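Subject: Structure for you to look at

Hello,

Please open the structure below and keep it beside this email while you read. My notes on it follow.

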Amino acid sequence: MSLFETRLANLRAMMRDTDTDLVALGPSSHMMWLSGVNPHGDERPVMLLVSQSHAGFLMPVLNADAARTATDLPFETWSDDQGPAEALNTLLAACDVQGPGKSVVLDETMRADFALRLLDAMDSPARRFTDDTIGLLRAMKDDAEFDAIKAAHLLNDEAVKRAFAGLKAGLTERDVQNIIRDHYKANGATPEFTIVGFGQNGAFPHHHTGDTVLEDDMAVLIDTGCRLNGYPSDMTRSGFFGTPGDEYKKVFETVEQAVQAALAAAKPGVTAAEVDRAARDVITAAGYGLQFLHRTGHGLGIDVHEPPYITATSDVVLNKGNVFSIEPGIYLNGKFGVRLEEIVILRDTGAEIFSELPRDMF
């Protein structure tokens, strides 16, 4: 079977296990993962419907030819002068889900008007989102996804290494951002995002890279990622341009210990909250609990942010193949911030880091 045939078979097995009659996906990463189709998204309804008996697309005729180049699944097309209602009813009939009370899983990223159109066309369906079907499958990465994510991270390593090596007084945050992005583009990748924070700007976790000029004895935080062959990278490194003082050293070491604690805690069978707690307890014990402003991590796959989310309140049990970030941070307003981020995949024995770049950049 092809990759997409295997994924469809796995989804149908999960649908049997969860008593799901229909999975409905809009133009989204879910659709891309399952079928390879990444259609233009606008107000025209587009859906991929999957049941045990049928899988097919509702597709505007003006987008159909382009979408067909990526999939062998059948299409029910509709034109602007016809509207989508008849084509949707035909597709639902093919899926054999027109009886009352069917269980339908909705893509949580689908437009509300698409979802409501589908629900209105069915007979009082019971609906939920994708957590226990395609979302769960997507969270467990296969070998092809691992290879793509690994390649993106090795390229990211080189870009960040170049950025720190190129630091000199007088450069702006944008100058350093350009060093990174130029390296991405020269190696066939596209920039996904790049945060460069000098000095006190590093205390803003989502700082907007700007025109702040690098000076001697200034902290530097770089959080950046590229997209290569459809998959992204994401990594944060913190360093110091000049000679770091005792306070910076203490904060850096505390964050490093938090990363190590979370890495040690991350194993199949533990909850996301346990991994978050491992990092947070280290930072709280050092007296910086109020300066750790965000969750410990997020999943990564086709999307830079996707489940599982590593939060203090999440009871999600982590599984082999899950890919997520471990990125504790301490942010001292008016001074500097330190965040250290690794993307990991869970193996039987624990967390394997994608990046091969040291976390100590000074």
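A contact here means heavy atoms within 4.5 Å. This is a predicted model, in which local features need pLDDT of at least 70 and side-chain atom pairs count only at pLDDT 80 or more, while totals for chains, interfaces and linings use all residues. Residues are numbered from 1 along each chain as its sequence is written, and side-chain values use heavy atoms, with hydrogens and water left out.

Asp96

Helices (H or I, at least four residues) and strands (E, at least two) are DSSP runs, numbered from the N terminus. Asp96 is found in the loop between α4 and β5. Is Asp96 buried or exposed? A residue is buried under 20% relative accessible area, exposed over 50% and partly exposed in between, with a 1.4 Å probe and protein chains only. With a relative accessible area of 58%, Asp96 is exposed. Leaving out residues up to four places away in sequence, Asp96 touches Ser53 and Lys102. From Asp96 to Ala273 the distance is 40 Å, C-alpha to C-alpha, and the two are 177 residues apart in sequence.

Helix α5

Helix α5 covers residues 112-121, and Phe114, Ala115, Leu118 and Leu119 in this helix are buried. The buried residues fall within an arc of 130° seen down the axis of α5, so they line one face of the helix. The arc is that of the directions from the helix axis to the C-beta atoms. An α-helix has 3.6 residues a turn, so residues three or four places apart point the same way. Ala112 and Asp120, on the other side of α5, are exposed. What do the buried residues of α5 pack against? Their partners are β1 (22-25), β2 (47-50), α4 (85-95), β5 (103-106) and β6 (126-128).

Strand β14 pairs with β15 (residues 336-339) in the antiparallel sense over four bridges; two strands count as paired if DSSP finds at least two bridges between them. Leu332 stands opposite Phe336 in β15. Three residues separate the two strands of this hairpin, and Gly334 in the turn has a positive phi of about 80°.

Aromatic rings

Rings of Phe, Tyr and Trp (its six-membered ring) pair if their centres lie within 6.5 Å; planes under 30 degrees apart count as stacked, over 60 as edge-to-face and the rest as tilted. By this rule there are five aromatic pairs. In one of them, the ring centres of Phe146 and Phe354 are 5.2 Å apart and the planes are at 35°, so the pair is tilted. Phe146 lies in helix α7 (residues 143-165) and Phe354 in the segment after β17 (350-353), so the pair ties together parts that are 208 residues apart in sequence. Both Phe146 and Phe354 are buried. Phe240, Tyr248, Phe252 and Phe336 form one aromatic cluster.

A charge sits over a ring if NZ of Lys or CZ of Arg is within 6 Å of the ring centre and within 35 degrees of the ring normal. Arg347 lies over the face of Phe146, at 4.6 Å from the ring centre. Arg68 lies over the face of Phe75, at 4.8 Å from the ring centre.

Salt bridges

A salt bridge is a side-chain nitrogen of Lys or Arg within 4 Å of a carboxyl oxygen of Asp or Glu. How many salt bridges does the structure hold? The count is 23 salt bridges. One of them joins the side chains of Arg174 and Asp211 (2.8 Å, N to O). Arg174 is in helix α8 (residues 173-186) and Asp211 in the loop between β7 (190-198) and β8 (218-228), so the pair ties together parts that are 37 residues apart in sequence. Arg174 is partly exposed at 38% relative accessibility, and Asp211 is exposed at 54%.

Another salt bridge is formed by Arg359 and Glu342, with the closest N and O atoms 2.9 Å apart. Arg359 is in the segment after β17 and Glu342 in strand β16, 17 residues apart. Arg359 is buried, with a relative accessible area of 15%, and Glu342 is buried at 3%. Salt bridges that share partners also join Arg138, Lys141, Asp303 and Glu306 into one network.

Regards
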